[in-house]
Amino acid sequence: FSPATPTPAPVTPTIVPALPTPDTLGPISSELEQDAKLFVSSYINADGSLAVIYDSNNNPIAQHSEAVGYALLLLARMEAGENLTLRDGSTITAKELFDKVLGYADSHMSIPGTNLHKWRYGYGDSNLTSTNVAPDADVNRALALFIAGERWGNQALTNEALAILNDIKTKLTFNDNNGNNY
C-alpha cells in the first residue's frame, strides 16, 4: 500500500500586466549603469548580435535568448539618447542599440508562427541553432519591451510585449479539458 500521490492544483495563467513606469522603476543605479556599459562593450556587436559563446580561437559562435533578454533589460533602463561603446569601439545610442539587438534577435531567433524565440542561435552553423524555447528569456524580453515602451513612449513595443506573453500563455501551457491550465 502506498499513499495516493496528490494531484497538483491547476494553475490558471492570467496575464494582467502592471506596466512599469519611470516612477515605479526609479533611477538606474550607477553600479547597474556601469555593469550595463561593460556588458555592451564586451558582448554586443554593431549589427545587434551578441557574442556570448566563443570557440577555441575566440570567435563568436552562438548567442542565447537569455543574453538577448538581459541586454534588452539593461538597455531599456538607460536614457534613449545615451551613447554607448560597442565591442568594435563604435558608438551608438541606447535606443538605437535596443532596436538593433531586438531586430537581430527577431530576424535570427524567431520561431515561425509565434512571438517566441529559439533559445540558441548558431552563427553560420545550423547544428548550434535550436528550435526549442526558453520561456524565462521570452519573459525578460517582454518585460524589456514594456519598460522601453513606457520610457520611450512607444506603444508598438508594449503591444509586442503583450503578444509574447500571450504566446507564452497559449503555446507553452496545456489544458486538461476540464478548464484547468498547467
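Tutor: A salt bridge is taken here as a side-chain nitrogen of Lys or Arg within 4 Å of a carboxyl oxygen of Asp or Glu. The model is a predicted one.

Student: How many salt bridges does this rule give?

Tutor: Side chains of opposite charge can pair when their charged atoms come close. Applied to this model, the rule gives a count of 6 salt bridges.

Student: What is the N to O distance in the salt bridge between Arg-151 and Glu-79?

Tutor: Arg-151 lies in helix α5 (residues 135–151) and Glu-79 in the loop between α3 (65–76) and β3 (83–85), so the pair links distant parts of the chain, 72 residues apart. Arg-151 is partly exposed at 23% relative accessible area, while Glu-79 is exposed at 52%. Their side chains meet with an N to O distance of 3.1 Å.

Student: Are Arg-141 and Asp-138 buried or exposed?

Tutor: These two residues form a salt bridge, with the closest N and O atoms of Arg-141 and Asp-138 2.5 Å apart. Because they are 3 residues apart in helix α5, about one helical turn separates Arg-141 and Asp-138. With buried meaning under 20% relative accessible area, both Arg-141 and Asp-138 are buried.

Student: Which residue forms a salt bridge with Glu-33?

Tutor: Glu-33 is partly exposed, at 22% relative accessibility. The closest N and O atoms are 3.5 Å apart, and the partner is Lys-37.

Key
Residues numbered from 1 in each chain as written. Predicted model: local features only at pLDDT ≥ 70, side-chain atom pairs only at ≥ 80, totals over all residues. Heavy atoms only, no water. Buried < 20%, exposed > 50% of the residue type's maximum accessible area, 1.4 Å probe, protein only. Helix = DSSP H or I, 4+ residues; strand = E, 2+ residues; numbered from the N terminus.
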